[in-house]
Amino acid sequence: MRQFPVSCLFLALGLLLMLGACGTHEDSPVSDVLREQAVEVLDEVMREQESWVKVHAAEYKIWAGYGEGVRETFLAEKVRFEEFPQYRVGIWRVLAQASPEERDFYGQKVVEAFRDPLGEDRIHAAETAAKLGISLSDLAPEETKEVLAGPINSLYVYTLWSTLQGSQQSLSKPTLLDLVLDEEVEDLPRMQAAFALRNERSIPPEQWEALASQALEAREGELSRVYLLSAAYVNSPDSQRESTLFSQIKKSLLELEHSPRKGERMELLMALSIAGSGEDLPLMKRLLNGENPLLGSSENDKAANNSPDNADVRATAAYAILQLDRRQPYSLAWGDWMVIVVYLMGMLGIGYFFSRRNKNEKDYYLGGGKMNPIAVGLSLFATLLSSLSYLSYPGEMIKYGPVIFSGVLVFPLVYYVVGWFLIPKFMKLRVTSAYEILEINLGVSIRLLATFFFLSLRFLWMGTIIFITVNTAILSIFGFDPSYTLLLSVLLMSVTVIYTTMGGLKAVVFTDVIQSGVLIGGALLTLAVVSWHFGSFNAWIPTEWLPYWGELKWGFDARERLTIANALLTTFVWYVASSGSDQMSIQRFLATENIHTARRTFGVSLMTTFVVQMLLGLVGLAVMAYFTAFPRYLAPGETLTSHADQLFPKFILVGLPVGISGLVAAGILAAAMSSLSSGLNSTSSVISEDLLKRFSKKYTAPKNQLQSIRKLSLFVGVLALGLSLGISRVEGNLYDVIVKVVNLFVSPLFVLFFMALFIPFATARGTFWGGIASVGIAIAVAFFKIFGIEVLYIMPVSLFVGILVGTLLSWVDHRILGNPETMRKRVRAADILKKKVT
């Protein structure tokens, strides 16, 4: 048995050494020199040009991910020109994009400008609102209705466009496409409607041919022609890319390279920035270098390439090149795939190895009751941390900063409370299911309620693991089409079910130990690679609090998402409640020999969690620094804050060497399967002990038990797989989804154990309604934000309400109503305890 992991280790190391030089990840067609030149052009145009040319260059810098200096430049413009109609709207538009934390402030200024019916910049305000994603139908409904009831003009088109961003899209009659296809609409509004369609990229495939035909039929000299061509080009379905109609569209569009009009050249480049390919790069370079410059607007202009019109075209060419750079697809090399395949085969081998050592139910569920406490502690750590934390913690650090990680400061108190108040009570009763404790103290009804809470919690937990692992990690790293989501989910769960159902808790713990090493190694490798890129460990650590992290706050505040005190409270409640009620935790305590080894198990889990949380927090900072320095690896439209949860998986793909990418990808799969295997084992244990044995005599026959347990794990896996399909509808970043879905039943479940273990006069009726009240308030906070309470307060609030209601009702039931059940159950519990100990 001891030779098995050693041989696997040497095999893995040898494979990595061999694959390190095998293959490479794809690279962009844009060279480093060309990329630097494009960025320099944008900087030059923003610095030297004025008015809207300056605005365009600044926006290009932001959209391409090179936004350094934009905010400072336009704050200075704001001081000089905020009283100038029209251009002031452009300044607000840039600042709203350059400072996400100030977006609402500048957006409100735009809405106010639109509300002024006599304002000189009302049309610009409507256009800017649409570009910023501001719905005027939501924020200025009366003015919007008035405009859309009037004539079809520029203000009408831009106002109509803005309604697509909001909740009242029914106002959008006719649609933008209707305006484009309506020959009665004047050329200017049609041009602006086509411009909006190019930006929205939402033409249904069945209507594309009508748009394309309209573009080809447009006459030379019409303002709308180039925008119709552009809209048709970027909206073309994949099925039309080889068609004659598409070829005609692209040919007509490319001919505009030599157009004497600035706007036509810029629109050509914008279309190529969205849907162009490497074969269009020479055209982009020619326009970047000004090989065929537009004529200056007067004899007093500087050299042609420095005139405002040519500067605008060159800036747009620079942007198109940088966007082509960002649209480069990346995928795993074959060496990465080999590492992943070998890893998955190893998991199945471990399951088979341990399947031959399980002799009975106790071996399957508790590993014989004498497992190594350090191994079990690492297993508990891997279970509680899971791929959810591995993927969500770096994203949480990137988007909201380090506040949530301050919760680790409460670990010593957690260790004391769990180790000296909870573990001794559990270890006195050698039970298979933790919920036997509830039956001993409060009767069958509370045990069944706890079973329902636990199964709900773990099924949602496993469903969330599947959803997040597939949608956030596997699709990002492996490059699969989203249509394969269900197939990938089935594959992930199938491998886990097979090795878990074969090996039981021994296989779970053994694989958890291996996967803990892979998980920690993946985080360390990420830090090492980023440090190598920056030249040192200190070079990528922020030296100041970043603006988009929000204001740092210290005290308790249920209406604030994050403060230091909130993080401490949330962490404390989660660890105590999970350790004191979750079958997966209690199962591992009971798998050790005595109270001392159980405490060691929990201590190892906490220490490992502390180390890995700190590592994952640093990973978030490292990945943030990496993509700030190398924005070319972000796809168009992706930013540090909008796609924070996807940055770590993306770094694994683009930032790590071949072989290492595969290993860390396998680490994420490992973390997911580690948690899923523990969930399968513990939920099937609860179903077996709390439901089947109670209600099925056939199931209690010894010859059927182990076979039935394995069938249970398969059933649990299929049900969790089904739940994963509905998790996508939950709003929020990964951490918010986890808190809303996974932690919904954590406190309600612990309420039952708290009442049974620490409230002497607790009654079944009082405890039952305390649990129900706890669930109710948890749902109200999570999905309805009752009283404005933030999502991270779900557990503290639901725990307090549950204990308060349960205690009050139990006191009334026992003291006022005279319910005699309490003393009878306490006497019976004492008798059972004596028998268990004996």
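Start by selecting Lys785, which sits in the loop between helix 34 (764-784) and helix 35 (794-816); helices here are DSSP runs of H or I with at least four residues, and strands are runs of E with at least two, numbered from the N terminus. Its phi is near 50 degrees, a positive value in a residue other than glycine. Lys785 is partly exposed, at a relative accessible area of 45% (buried is under 20%, exposed over 50%, partly exposed in between, with a 1.4 Å probe and protein chains only).

Before moving on, keep in mind that this is a predicted model, where local features need pLDDT of at least 70 and side-chain atom pairs count only at pLDDT 80 or more, while totals for chains, interfaces and linings use all residues. Residues are numbered from 1 along each chain as its sequence is written, and side-chain values use heavy atoms, with hydrogens and water left out.

Now jump to Gln86, in the loop between helix 4 (70-81) and helix 5 (87-98). Here too phi is positive in a residue other than glycine, near 75 degrees. Gln86 is partly exposed, with a relative accessible area of 31%.

Zoom out for a moment.

Next, show helix 3 (residues 51-64) with helix 18 (residues 308-326): they pack at about 10 degrees, axes 10 Å apart. Axes are lines fitted to C-alpha atoms over the stretch in contact, and angles run from 0 to 180 degrees between N-to-C directions. That makes helix 3 roughly parallel to helix 18 (the label covers angles under 35 degrees). Put on the side chains: among the residues that meet are Tyr60 and Trp63 from helix 3 and Tyr319 and Leu322 from helix 18, where contact means heavy atoms within 4.5 Å.

Then select helix 14 (residues 224-234). How many of its eleven residues are buried? Eleven of the eleven. What covers them includes helix 11 (176-181), helix 12 (187-200), helix 13 (208-217), helix 15 (244-254) and helix 16 (262-275).

Last stop: the largest nonpolar core, with 152 residues, where Tyr435, Phe627 and Phe753 touch the most other members. Such a core is a set of buried Ala, Val, Leu, Ile, Met, Phe, Trp, Tyr and Cys residues joined through side-chain atoms within 4.5 Å. Helix 24 (residues 444-478) gives the largest share, 20 residues. Around Tyr435, look for contacts including Arg447, Phe454, Asp690 and Phe753. Apart from this core lies another, of 100 residues, including Tyr158, Ile203, Ala231 and Leu256.

Key
Angles under 35 degrees count as roughly parallel, over 145 as roughly antiparallel, 65 to 115 as roughly perpendicular and the rest as oblique. Lists of a residue's contacts leave out its neighbours within four places in sequence.
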